[in-house]
Amino acid sequence: MRRPVYDVTTLKKAATEIQRLAFYDPLTGLANRLLLRDRLKQAMIISKRNGIEGALLFIDLDNFKTLNDTQGHDVGDLLLKQVAQRLESCVRRCDTVARFGGDEFVIILEELSNQRDDAEEQAGIIGLKILAAFNDDYQLNSNSYQCTPSIGITLFNGYEKSIDDPMKQADIAMYQAKESGRNKICFFNSQMQINIHARIELEKELHTALEENQFRLFYQSQVRNTGEVVGAEALIRWQHPQRGLLLPVEFILLAEKSELIISIDLWVLKQACIQLKLWENQTNTQSLKLSVNISAKHFAQENFVNQVIEIIHFYSVRAEKLKIEIVESLLIENIEESIDKMNELRAIGVRFSIDDFGTGYSSLSYLTRLPLDQLKIDKSFIRHIGHQPFNGVIVQTVIGMAESLGIEVIAEGVETEMQRAFLEENRCYLYQGYLFSKPVPIEAFLVFDK
Ligand code: C2E
Ligand code: MG
Ligand code: MG
């Protein structure tokens with residue numbers, strides 16, 4: 001019987017190809033996740049045996065999603081390939097550069113110093129080298145493009161229990177780099193881990209807070225120059241079972257990172273409508289308006305407009321009494337959509353105010369396009385009235401802008417009579433701030449109103 005004849009070279013080629021497919025990323029040619037894990041395991045064993053440190057770098061490209069969404073995946077792929085080459089040019093042959101997925105890359109640096117401080121410095125130098133390598137523009141087809149990375153670094157010396165530990169640590173540090181403004185290097189430290197745990201815990205508790213009705217709405221009056229209270233801003237508080245009354249600064253940012261903020265905003269809207277209805281039914285309160293803060297994430301939801309309309313109808317409140325406060329940055333990110341949404345809600349009477357005005361992109365050209373009712377001058381400008389002349393000028397400019405656009409203007413964070421007088425002199429006739437009242441529970445608000 002004749003044996004089949006195999007071409008050894010073809011077999012070898014096939015084996016190499018299988019190996020390549022199994023361990024390397026087809027787009028960039030870098031090590032894939034599988035090989036990364038294997039190499040990291042080896043690196044940890046060797047570092048333990050030799051008593052030397054290694055480092056793991058987690059690299060995420062800033063704003064890659066925008067490039068992919070606006071220019072298409074082919075262009076995104078072009079960038080990833082060039083990034084891979086630049087990363088490889090920053091390390092030694094014994095180091096591993098891997099594509100972790102999407103726009104995430106991981107680098108293993110081996111054989112660093114046996115002194116932790118020195119090893120940290122060595123890894124930091126590579127990090128800086130990477131940041132520098134990203135400085136030059138990328139050429140994507142005929143366009144040049146600027147791309148920056150956020151880099152998280154952790155050291156390992158083989159004593160961690162599993163390879164997942166350094167991976168997690170570098171990832172946490174990378175997030176920290178993003179949070180501190182991107183295009184940065186951040187080293188992992190144990191406080192970050194503690195913070196992360198606290199965050200996870202807080203997120204769980206936020207769920208409970210919603211289920212167990214632990215949120216409270218406080219009301220801060222909005223006052224006219226005549227002294228008349230025209231309405232209030234609803235400000236959320238969390239009556240935490242152990243930690244007491246928490247301010248939004250302790251939980252709103254976290255809630256905004258998940259879908260929780262939508263449920264929270266909806267809860268606030270409902271409470272606000274219940275309160276408006278109660279006010280409507282009493283002669284001394286029926287003219288009061290109520291402002292609520294809506295987060296960017298919620299406003300961006302497709303069904304946002306319908307949700308608001310449903311709530312207003314359900315509680316059958318007069319929509320003119322409800323004012324929605326949004327921060328400006330979110331409005332211009334998607335200006336056409338924002339205009340449509342605002343118009344739909346304004347058609348039933350809802351009012352819109354730009355919160356923290358002056359801290360974002362304030363440009364007249366977009367401002368004139370937005371269907372606004374009110375500008376709210378941010379408290380940071382009010383605080384320095386009388387101390388820093390520049391802020392006074394900003395306040396005057398904002399008031400002038402609002403006037404020429406026929407929009408109402410209100411100042412928040414008014415704390416002193418001097419500030420109030422300055423505002424009045426410059427034709428701002430609505431105020432909110434400690435000078436009049438702190439945010440208070442509804443019982444106290446009604447007392448104040450009488
Ligand atoms: P904001 O909407 O700009 O609210 C004004 C903040 O200024 C409030 O802080 C208020 O207590 C504070 N404030 C008022 N008058 C004065 C004053 O005279 N001096 C000083 N220094 N501060 C004053 P608060 O209640 O801690 O809220 C902080 C931020 O949290 C709000 O800023 C808003 O962005 C957010 N937030 C509050 N409630 C909600 C909510 O129900 N939903 C959402 N999504 N965000 C909310
Ligand atoms: Mg507000
Ligand atoms: Mg504000």
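1. The radius of gyration is taken here over C-alpha atoms, and the globule rule is 2.2 Å times the number of residues to the power 0.38. A compact globule of 450 residues would have a value near 22 Å, but the chain has 28 Å. Along its principal axes, the C-alpha trace spans about 105 × 55 × 45 Å.

2. The model is predicted, and local features need pLDDT of at least 70, while side-chain atom pairs count only at pLDDT 80 or more. Residues are numbered from 1 along each chain as its sequence is written.

3. The chain has 18 helices and 16 strands; helices (H or I, at least four residues) and strands (E, at least two) are DSSP runs, numbered from the N terminus. Of the 450 residues, 48% count as buried, that is, under 20% relative accessible area with a 1.4 Å probe, protein chains only.

4. Contact means heavy atoms within 4.5 Å. Among contacts with a separation of 6 or more, 67% come from residues 24 or more positions apart.

5. Strand β14 covers residues 374-377. Q374 and K376 point one way from this strand, L375 and I377 point the other way, and all are buried. In a regular strand the side chains alternate between the two faces of the sheet.

6. Strands pair if DSSP finds at least two bridges between them. Strand β13 (residues 351-357) runs parallel to β14, joined by three bridges, and I354 stands opposite L375. Strand β15 (residues 408-411) also runs parallel to β14, with four bridges between them; there, I410 is the bridge partner of K376.

Conventions. Chains lettered and ligands numbered in written order. Heavy atoms only, no water. Buried < 20%, exposed > 50% of the residue type's maximum accessible area, 1.4 Å probe, protein only.
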